[in-house]
Amino acid sequence: MTPDRAPRSSAHDAARSRPPSYGRGVRAGAVMFLILGVILLTLSAAVGIPSVPRSVLLGAGIIAISSAATALVAAQMYRVAPAATAPALAALYLLKVLVLGWFLMFLGAPPWLAPRAFAVTVLVCLVLALAGFAVLTRGVTRQDAPDPAPDAASSAIERAHDDAAAAPSVPPARDVHDGQAGHDRSTHERRTP
């Protein structure tokens, strides 16, 4: 084996041992939703739009950016370091709360915000994002789930059959003390000396 082939095989093995991703195109889709969220937020800052459409654009943009960031972090961390996925998502959640809290405390709600339109938009977009995450998670769970275990009765029968087949055969005990060397005795007739 040449030295230049060893790194390729180990890199190939490392890529094969890496856990599966959340699905094809999730990272690309998350980046597209991040860009869409930025566009929606930029459009909501436009001055000539009435307050209700601006509020809808603002709510949809916030949820698009938030959901896309969650999907991007989850997909990337699950692929790179699966054990660190939950802590990374918790840190991202904390960051989102702090950023939104900073905006609300220091900048306040814009004067043109229509609260009802904003709240309905946020709720609808959150439900859609959660439904998308449920579909995505169901696909990953099916991919990573072990085969279902057979029912208890059939598995007990199979184990008993396997144990009986695997048990070593023991030759019958020979009695050498009663003058009939080589005579087979059943286990009921055996006596301990």
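These notebook entries record what I looked up in a predicted model.

**Basis.** I worked with a predicted model in which local features need pLDDT of at least 70 and side-chain atom pairs count only at pLDDT 80 or more, while totals for chains, interfaces and linings use all residues. Residues are numbered from 1 along each chain as its sequence is written, and side-chain values use heavy atoms, with hydrogens and water left out.

**Elements.** I noted six helices and two strands in the protein, taken as DSSP runs numbered from the N terminus (helices H or I, at least four residues; strands E, at least two). From the N terminus on, I read their order as α-α-α-α-α-α-β-β.

**Burial.** I found that 18% of the 193 residues count as buried, which is to say under 20% relative accessible area with a 1.4 Å probe and protein chains only.

**α2 against α3.** I looked up how α2 and α3 pack: the angle is about 155 degrees and the axes lie 7 Å apart. Axes are lines fitted to C-alpha atoms, for helices over the stretch in contact, and angles run from 0 to 180 degrees between N-to-C directions. The angle therefore makes α2 roughly antiparallel to α3 (over 145 degrees). I recorded the crossing of α2 and α3 as left-handed, meaning that the near helix is turned anticlockwise from the far one by less than a right angle. The residues of this contact divide into 20 nonpolar, four polar and three charged; Ala, Val, Leu, Ile, Met, Phe, Trp, Tyr, Cys and Pro count as nonpolar, Asp, Glu, Lys and Arg as charged, and the others, Gly among them, as polar.

**Largest pocket.** A pocket is an open set of points on a 1 Å grid over the protein atoms alone, where a 1.4 Å probe fits, with protein on both sides within 12 Å along at least five of seven lines; lining residues have an atom within 4 Å of a point. I noted about 1100 Å³ of space in the largest one, a volume being the space filled by probe spheres set on the points. Of its 33 lining residues, I62, I63, S66, K96 and L100 are the closest to the centre. I traced at least two lining residues to each of α2 (26–44), α3 (51–80), α4 (85–107) and α5 (115–144); α4 gives the most, with eleven. By class, this lining has 27 nonpolar, five polar and one charged residues.

**Second largest pocket.** Here I noted about 400 Å³ of space. The lining comprises 19 residues, with F33, S67, A68, A129 and F133 nearest the centre. I found that α2, α3 and α5 each supply at least two of the lining residues.

Methods
Parallel < 35°, antiparallel > 145°, perpendicular 65-115°, else oblique. Buried < 20%, exposed > 50% of the residue type's maximum accessible area, 1.4 Å probe, protein only.
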